[in-house]
Amino acid sequence: MKKVIIIAGPTGVGKTKLSLALAKHFQTNLINGDAYQMYQGLDILTAKPSKEELSEVTHFLMDILKPDADYTIYNYQTDVRNLIEQQDLPLIVGGSGLYTDSVIYDYRFADNNYSFDDTNYTNEELHQLLKELDPINAENIHPNNRKRVKRAIELAQMSSLTERSQKNTLVYEPLILFLNLDRELLYDRINKRVLAMLENGLLEEVKSDRSQIGFQLSKAIGYNDAINYLDGMISYDEMVDNIQKATRHYAKRQLTWYRKHPNTVFLDVKLDDFDSTINEAINLINEFLEKSI
């Protein structure tokens, strides 16, 4: 069974820095495991690596999609598995646990071309159905935007149709390194990171890209809060608080996800001595490569 390395963890914890060092050390490439960094645009909001960092090693599945493209977990699974077969040591970097799990486990998906028949629904009835299937996204889509409501229903139904009866059967042998940081310190870094993103032009970026953003990319944390501020629906301070809070909650969900994952090794990050964190990761990977499942 082929071995796969996954670098996971919340935003602001050092995934990019570690993954670049590991890719250079093991002379391999990086495969993006973030659900939103695959899209072109919103570089600041989605915390993409800088152009300089992207130039240091090859990054697969980064900036490959138009901002309004549909790209399902099935698409991701197919693309990444093809890349894995081409790499001596596949190295996936990102925080989207369901995406990476769909690759390493035997997830079976419904027909990727599934289409929902909305012929007999009024706009209000269609939106009500979306509320039942996906109440969070229903709040962010106007009932009269029939096309987006229908697509959101299709994505929700495709997810429910996903066959996961084999979800505990591994397709690859994974080592998941989850970068761990003291929660108080992590939350402080997240709060400061949001402020830095705003200082670096997050609002200007959202305003500029707004007309191009499709349904899936619009679900990126902070996007709708930025739109609501630009439209005068909330104050600047409310926007900042909402984005910081949502990012902290996502970090908490990531931690919960990987705590339950049998293939996860928690790697405590030493911010004042990151080289030791890199060396520890290298040692863990070498041990993993030397053993059999």
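Arg 146, with a relative accessibility of 24%, counts as partly exposed, a class that lies between buried (under 20% relative accessible area) and exposed (over 50%), as computed with a 1.4 Å probe on protein chains only. The model is predicted, so that local features need pLDDT of at least 70 and side-chain atom pairs count only at pLDDT 80 or more, whereas totals for chains, interfaces and linings use all residues. Residues are numbered from 1 along each chain as its sequence is written, and side-chain values use heavy atoms, with hydrogens and water left out.

Arg 146 forms a salt bridge (a side-chain nitrogen of Lys or Arg within 4 Å of a carboxyl oxygen of Asp or Glu) with Asp 118, and the closest N and O atoms of this pair are 3.1 Å apart. The two residues link distant parts of the chain, since Asp 118 lies in the loop between helix H4 (97-104) and helix H5 (123-133), while Arg 146 belongs to helix H7 (residues 146-161), 28 residues apart; helices (H or I, at least four residues) and strands (E, at least two) are DSSP runs numbered from the N terminus. Asp 118 counts as buried, at 14% relative accessibility. Asp 118 also forms a salt bridge with Lys 150, with the closest N and O atoms 3.9 Å apart, and this pair likewise connects helix H7 with the loop between H4 and H5, across 32 residues.

In helix H8 (residues 183-199), Lys 192 and Asp 188 are 4 residues apart, which means that about one helical turn separates them. Their salt bridge has its closest N and O atoms 3.2 Å apart; Lys 192 is exposed, at 52% relative accessible area, and Asp 188 is partly exposed, at 33%.
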